[in-house]
Amino acid sequence: MKDETMVVLAEYNSITEAEIAKSMLDSAGIWSMIRNEYMSTIYPIGTMPAQVVVREEDYEKARAMLHNR
């Protein structure tokens, strides 16, 4: 299996916002995942935000897609 570098694309204080971003990326064929998904709901806002991460090679395309919505 090839080692892939994952990079943080965005951080959200709400898991709902992170899920919306992930859904948009998924629909564009960009693989992503949410880090701190459960921890962000337990801890106060800003303490441990939900992070949407993507493969390093998809970062620029994913960033452009989320920032142009």
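This is a predicted model: local features need pLDDT of at least 70, side-chain atom pairs count only at pLDDT 80 or more; totals for chains, interfaces and linings use all residues.

1. At the start of α1, the backbone nitrogen of Thr16 has a side-chain oxygen of Ser14 within 3.2 Å, while the helix is followed by Gly29, whose phi is positive, near 80 degrees.

2. The buried residues of α1 include Ile15, Ala18, Ala21, Met24 and Leu25. The largest nonpolar core has 15 residues, and those with the most contacts inside it are Leu9, Tyr12, Ala18, Leu25, Val52 and Leu66. At least two residues of this core come from each of β1 (6-12), α1, β3 (50-55) and α3 (59-67), and α1 gives the most, with 5 residues.

3. The open sheet is formed by 3 strands in the order β1-β3-β2, with antiparallel pairing. Since β1 and β2 (32-35) stand at the edges with a single partner strand each, one side of each is left without a neighbour in the sheet. On average, and with direction ignored, neighbouring strands are turned by 30 degrees against each other.

4. The antiparallel pairing of β1 with β3 runs over 6 bridges, and Val8 stands opposite Val53 in β3. Helix α1 packs on the sheet, where it touches β1, β2 and β3, and its direction makes about 165 degrees with that of β2. Helix α3, for its part, lies across β1 and β3 and runs at about 15 degrees to β1.

Note on methods
Residues are numbered from 1 along each chain as its sequence is written. Side-chain values use heavy atoms; hydrogens and water are left out. Buried means under 20% relative accessible area, exposed over 50%, partly exposed in between (1.4 Å probe, protein chains only). Helices (H or I, at least four residues) and strands (E, at least two) are DSSP runs, numbered from the N terminus. A polar contact is a pair of N or O atoms within 3.5 Å; within protein, one must be able to donate a hydrogen and the other to accept it, and residues adjacent in sequence count only if both atoms are side-chain atoms. A nonpolar core is a set of buried Ala, Val, Leu, Ile, Met, Phe, Trp, Tyr and Cys residues joined through side-chain atoms within 4.5 Å. Two strands pair if DSSP finds at least two bridges between them. Axes are lines fitted to C-alpha atoms, for helices over the stretch in contact, and angles run from 0 to 180 degrees between N-to-C directions. Contact means heavy atoms within 4.5 Å.
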